[in-house]
Amino acid sequence: MTGIIAGLTSVYAVFADMAEAERIAGAVVDEGLAACANILGPCRSIYRWQGRTERAEEVPALFKTVRAEALIARIAALHSYDVPAVMAFAAAPVHPPYLDWVAAATAGQISPASGLDGSA
């Protein structure tokens, strides 16, 4: 990754369906990479893929973290797409108690199950 974002970050990702969004959101919250995830309602996506215009129903989600690069890497590793749409946006200004909560929720050690601690 090339862009390091300090402070609270919202990470946006799009998933193939609700089951995938819930599975990945649960995993990254359990692993302490995201303080929370907001899974939004299905949306209609229109995009170019392999030379063709495609249309699909997808499920977007927003994640809150202070560990954007690790979160993006983990979402990509768990995702079913070859090239998942996962991107971060710096959030500022932020209500200070909320920033404190996100930082505390994502400050723990990465679980060995994530594979991000070098054990997998």
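In which loop does Arg67 have its place? Arg67 lies in the loop between S4 and helix H2 (68–78), and we will come back to it below. The legends here describe a predicted model, in which local features need pLDDT of at least 70, side-chain atom pairs count only at pLDDT 80 or more, and totals for chains, interfaces and linings use all residues. Residues are numbered from 1 along each chain as its sequence is written, and side-chain values use heavy atoms, with hydrogens and water left out.

Figure 1. Let us start with the overall layout. The protein chain has three helices and five strands, in the order β-α-β-β-β-α-β-α from the N terminus. Helices (H or I, at least four residues) and strands (E, at least two) are DSSP runs, numbered from the N terminus. Of the 120 residues, 34% count as buried; here buried means under 20% relative accessible area, exposed over 50%, and partly exposed in between, with a 1.4 Å probe and protein chains only. The accessible surface comes to about 6,800 Å², and carbon and sulfur atoms hold 58% of that; these areas come from the Shrake-Rupley method with a 1.4 Å probe, and for residues only the protein chains shown count as cover. Among contacts in the chain with a separation of 6 or more, 72% join residues 24 or more positions apart, where contact means heavy atoms within 4.5 Å.

**Figure 2. Confidence along the chain and at two stretches.** The mean pLDDT of the protein chain is 88, and 84% of its residues reach 70 or more. Over residues 1–5 the pLDDT is below 50, and this stretch has seven contacts in the model beyond near neighbours in sequence. Residues 110–120 also stay under 50, with 16 contacts beyond four places in sequence. For reference, pLDDT is the predictor's confidence in each residue, from 0 to 100.

Figure 3. On a 1 Å grid over the protein atoms alone, a pocket is an open set of points where a 1.4 Å probe fits, with protein on both sides within 12 Å along at least five of seven lines, and lining residues have an atom within 4 Å of a point. Val14, Ser45, Tyr47, Trp49, Glu58, Tyr81, Asp82, Val83 and Ala85 make up the lining. Strand S3 (residues 43–49) gives the most, with three residues. By class, the lining has six nonpolar, one polar and two charged residues; Ala, Val, Leu, Ile, Met, Phe, Trp, Tyr, Cys and Pro count as nonpolar, Asp, Glu, Lys and Arg as charged, and the others, Gly among them, as polar.

Figure 4. Met87 sits in strand S5 (residues 86–90) and is partly exposed, with a relative accessible area of 36%. Beyond four places in sequence, Met87 is in contact with Ser10, Val11, Tyr12 and Ile72. Ile39 belongs to strand S2 (residues 36–39) and, at 31% relative accessibility, counts as partly exposed. Beyond its neighbours within four places, Ile39 touches residues including Met18, Ala21, Val59 and Pro60.

Figure 5. Most residues other than glycine have a negative phi, and most peptide bonds are trans. Gln50, in the loop between S3 and strand S4 (52–65), has a positive phi of about 50°. This residue is exposed, with a relative accessible area of 67%. A cis peptide bond joins Ala92 and Pro93, with omega about -5°. Pro93 is found in the loop between S5 and helix H3 (96–105).

**Figure 6. Arg67 and Asp100, buried or exposed?** Arg67 counts as buried at 18% relative accessibility, whereas Asp100 counts as exposed at 52%. The C-alpha atoms of Arg67 and Ala35 are separated by 9.9 Å, and these residues are 32 apart along the chain. Asp100 has its place in helix H3, with its C-alpha 9.3 Å from that of Leu8, 92 residues away along the chain.
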